[in-house]
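Please walk through this structure with me, moving from its backbone geometry to its sheet and then to its surface.

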Amino acid sequence: MTVATNYPAATAYRRILDPANRHNPYPYFAELCRVPVQRLDADTWLVSSHEAITRLLRDPRMSVQDRDIDTTDAPLGSDGEPVTGPFLFRDPPHHDSLREQTMYRFAPRIMGLRPNIEMLVTGLLDKRLSDQPGQLDVVAELAYPLPVGVICELLGVPPEEEPVFHSFAGRLTKALDPEETLTEQEITELAVTRREWREYLMPMIAQRIEHPGPDLISALLTDGDPSTRMTLVELGITLGMLLIAGHETTVNLVANGTLALLRHPEALARLRTDPELAAAVVEEVLRYDPPVQLTGRRATADIELDGHTIRAGEHVSLLLAAGNRDPRRFADPDAFWPERPNNAHLAFGGGVHYCFGAALARMEAQVALTVIVTRLDNPRLVDDPPPYRPNMLLRGPEQLRVAHDGITG
Ligand code: HEM
């Protein structure tokens, strides 16, 4: 097999994005990983080894900010600068201030959530109790409603509003796609969705200003030092980001985890008899089939990496999914092995932008996978491979039909 190097832009990028490769991009990623740093096009590099990705994620010279954003009409944020996006797309120091304010209120609220998540997942599966033996779509019936239900609980959104949140989560997720993969129409629709989201959220925020409750929105509005507190615009953007960043990612983790377990019945059997294994199973799913496959940065200074110079202003695509199967870092990288020692995967990124919701995502997936394997009798895949959504960045099955002989009550 030839070693991939210096692909013409069109070839490598097209192959990475090609939906035909979506059900199993890993053989191609393994090829790419052999050359840790390579040019993707005139001003973009592709980085695919564990070591180089880890290094760049922690390098303060790598920026997440988009230089080309027009800030003419942007309102000013709590740092006195134009608001250009959520803290996922902001560099320190303002990133750190926004993240810290949000984390300070978010972390204590998720600590006691496990029983609520268990109730939520149990309730979703109970809806199918009349269908025995039967078939369910794990994506539509379990994985999709779960993160929206959890985020609504955190934000104090009443259950009757959940379908609205659900619809926004699906539509706003397009904001995380690389812009070059969106059509003109999708870009226009996204702008409309963003406006509708603001129009929907602002009355909810106004209501919490009048009547604060124990929820996250109220805490972000009222806690802490008013002189550094995020503005209402920043708050709206932060809430939208929590909804988007925590939605499709968690859906994919639950679906990818179910798929991996059904394809590895010995691991499934072990989890069924030993629910303590759930944490290790989820870490291995995150490595083996990560919900976020790729992220990006822009160099703000010249950076030497692996014998190459990444020039200031150039873009870097970090192929997390390739780094997660780098044979230089993981023994037998294509094996699904929950007991894998020192499983330092890249699924949640690294450095200052390390996933904000990692603890919550882990909890949701551990509960969901345990409930699925313990309550479904003789679960088996109806389609293998299942159909995938076209999105490359947030990769996951569109549908995951599982047949079973019964559901225990
Ligand atoms: C399996 C589920 C999840 C995966 C795989 C995942 C993955 C990631 C990754 C790779 C990043 C870093 C992006 C970068 O550095 O460019 C990130 C950041 C982030 N994630 Fe997650 N995420 C998940 C769930 C969640 C959840 C449940 C939430 C919130 C409720 C969340 C909120 C965020 C936020 C706000 C950031 C930006 C952090 C920052 O810039 O400081 N994520 N996530």
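**Loops, sheet and surface**

Asn378 lies in the loop between β9 (376-377) and β10, where strands (E, at least two residues) and helices (H or I, at least four) are DSSP runs numbered from the N terminus. The phi angle of Asn378 is near 50°, a positive value in a residue other than glycine, and with a relative accessible area of 38% Asn378 is partly exposed; here buried means under 20% relative accessible area, exposed means over 50%, and partly exposed lies in between, with a 1.4 Å probe and protein chains only. This is a predicted model, in which local features need pLDDT of at least 70 and side-chain atom pairs count only at pLDDT 80 or more, whereas totals for chains, interfaces and linings use all residues. Residues are numbered from 1 along each chain as its sequence is written, and side-chain values use heavy atoms, with hydrogens and water left out.

A positive phi is also found at Asn342, again near 50° in a residue other than glycine. Asn342 sits in the loop between α15 (320-323) and α16 (358-375), and its relative accessible area of 58% makes it exposed. As background, most residues other than glycine have a negative phi, and most peptide bonds are trans. Against that background, the peptide bond from Gln132 to Pro133 is cis, with omega near -10°, and Pro133 belongs to the loop between α5 (114-126) and β4 (134-137). The bond from Asp384 to Pro385 is likewise cis, with omega near 5°, and Pro385 is placed in the loop between β10 (380-381) and β11 (401-404).

Helix α16 also holds Thr370, which counts as buried because its relative accessibility is 15%. Once its neighbours within four places in sequence are left aside, Thr370 is in contact with Leu271, Pro275 and Ala278, contact meaning heavy atoms within 4.5 Å.

The sheet comes next. Five strands form an open sheet in the order β1-β2-β8-β5-β3, with mixed pairing; two strands pair if DSSP finds at least two bridges between them. Its edge strands are β1 (37-41) and β3 (62-63), each of which pairs on one side only. Strands β1 and β2 (residues 44-47) run antiparallel and are joined by four bridges, with Val37 standing opposite Val47 in β2. Two residues separate β1 from β2 in the hairpin that they form. Helix α3 (residues 50-57) lies across β1, β2, β3, β5 (295-299) and β8 (315-318), and runs at about 125° to β8; the axes are lines fitted to C-alpha atoms, for helices over the stretch in contact, and angles run from 0 to 180 degrees between N-to-C directions.

On the surface, Met202, Ile209 and Leu232 form a nonpolar patch with about 240 Å² of accessible area together. Patches are made of residues with over 30% relative accessible area and no salt bridge, like charges being joined within 9 Å and nonpolar side chains (Val, Leu, Ile, Met, Phe, Trp, Tyr) within 5 Å. A salt bridge is a side-chain nitrogen of Lys or Arg within 4 Å of a carboxyl oxygen of Asp or Glu, and accessible areas come from the Shrake-Rupley method with a 1.4 Å probe, where for residues only the protein chains shown count as cover. Met202 is found in helix α9 (residues 184-210) and counts as partly exposed, at 30% relative accessibility.
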